[in-house]
Amino acid sequence: MSAIDPQQVRAYGDTLNDGQIMLSFSLPVPFGESAKEAARQLCRQMGLESPQVYHAHDLGEGFTYLVVYARSPHVVDTTQLHVTELAAAKLGRDDIEALAALKFTRKLRVLGACTGDDAHTVGIDAILNVKGYHGDKGLEAYHCLSVRNLGAQVANERLLDEARQFDADVVLVSQIVTQKDCHRSNLAALIDLAEADGVRQHLLFICGGPRLSHQVALELGFDAGFGAGTLPSQVAGFIVQHLPAR
Ligand code: B12
């Protein structure tokens, strides 16, 4: 087996450094040989070599879904990557409760919602509901936190209104749908509104969703962002470490 060169990392398929990748996409071409050939040509134009259509499915109405395997000749230098990571130690529930007891004299109020047109509540529920996610209890299970979950399709105006009424310390926003970058515009609009209302500095704003990252969250004016597979304890840990003592 050849060695891994961190300066020249290739995609891995069957054997190390073979550069094999898999793509899935749909084409507005009727199911059949033309759709498969169109997919192969598109892959070659992307710089991929030896594209093979492994799966094609008739979507109806002149559309075809395709899965293509191909070889990417490109490499990435992993010694030159610049990523922004959350500056917070990973703490377990007991340590989070202990730190909160040291720093805060009351429960911290956490308000969560899935905002805009987004109706995907499973993610925010996984973070907030007592049963949690992957065996990691949700924020409702923490003695140091008082939690309210507003559910789906909450308008930014209403979220800030509820934050005022609840006297929230932290606002958690879930954005799952990213079509036409609606997650970015909606999240940025919330921060603009909070600034206009003069509440931005008084609240910790955290967003999350499978296509969000800490880097994107910072770009949009949030304090933190969490992506796919986030555990509730990571969010609780961030909150107690980053909120100033009160
Ligand atoms: C279930 C589901 C639905 C259900 C939602 C039910 C509900 N009550 O939530 C229903 C059927 C309603 C639905 C509808 C639609 N859906 Co849908 N749906 C899904 C599906 C299959 C699973 C999502 C899910 O529950 N994941 C499980 C949770 C636990 O994971 P998660 O959301 O990533 O959350 C984790 C992290 O991201 C993070 N996190 C999430 N939020 C937050 C918030 C904070 C503050 C923090 C800290 C962390 C955090 O923590 C969580 C735990 O780790 C996905 C495909 C997929 N496999 O992901 C499509 C998917 C999200 N849906 C999609 C689409 C397009 C739609 C529709 C537009 C379809 C349509 N044409 O009608 C509608 C939109 C409805 C609307 N107005 O929002 C697309 C989105 C594409 C995109 N990039 O925008 C997906 C990806 C499917 C696809 N491949 O096309 N959907």
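When I speak of the angle between two helices, I mean the angle between their N-to-C directions, with each axis being a line fitted to C-alpha atoms over the stretch in contact, so that values run from 0 to 180 degrees. Please keep in mind throughout that this is a predicted model.

With that in hand, let me start with helix α2, residues 93-103, and helix α7, residues 232-242, which pack at an angle of about 20°, their axes lying 10 Å apart. Angles under 35 degrees count as roughly parallel, and α2 and α7 are therefore roughly parallel to each other. Their crossing is left-handed, and the contact is made on the α2 side by I96, L99, A100 and K103, and on the α7 side by S233, A236, G237, V240, Q241 and H242.

Stepping back to the whole chain, the domain assignment gives domain 1, covering 1-81, and domain 2, covering 93-242, and the centres of domain 1 and domain 2, taken over C-alpha atoms, are separated by 36 Å.

Between β1 and β3, the latter spanning residues 63-71, the antiparallel pairing extends over eight bridges, and the bridge partner of I21 in β3 is A70.

Another open sheet has five strands, in the order β5-β4-β6-β7-β8, and here the pairing is parallel. β5 (145-149) and β8 (224-226) stand at the edges with a single partner strand each, so one side of each has no neighbour in the sheet; on average, neighbouring strands are turned by 20° against each other, again with direction ignored. Within this sheet, five bridges join β4 to β6, residues 170-174, the two running parallel, and the bridge partner of C114 in β6 is S174. As for the helices against these strands, α4, residues 156-166, lies across β4, β5, β6 and β7, running at about 160° to β4, while α5, residues 182-196, packs on the sheet, touching β6 and β7, with its direction making about 170° with that of β7.

Finally, which protein residue is a donor of the cobalt atom of the ligand? The only protein donor is H120, through NE2, at 2.2 Å, and H120 lies in the loop between β4 (108-114) and α3 (122-128).

Note on methods:
Residues are numbered from 1 along each chain as its sequence is written. This is a predicted model: local features need pLDDT of at least 70, side-chain atom pairs count only at pLDDT 80 or more; totals for chains, interfaces and linings use all residues. Side-chain values use heavy atoms; hydrogens and water are left out. Donors are N, O and S atoms within 2.8 Å of the metal (3.2 Å for Na, K and Ca); water is not among the atoms, so sites may look incomplete. Helices (H or I, at least four residues) and strands (E, at least two) are DSSP runs, numbered from the N terminus. Two strands pair if DSSP finds at least two bridges between them. Domain bounds come from an automatic or database domain assignment. Angles under 35 degrees count as roughly parallel, over 145 as roughly antiparallel, 65 to 115 as roughly perpendicular and the rest as oblique. A crossing is left-handed if the near helix is turned anticlockwise from the far one by less than a right angle, and right-handed if clockwise. Contact means heavy atoms within 4.5 Å.
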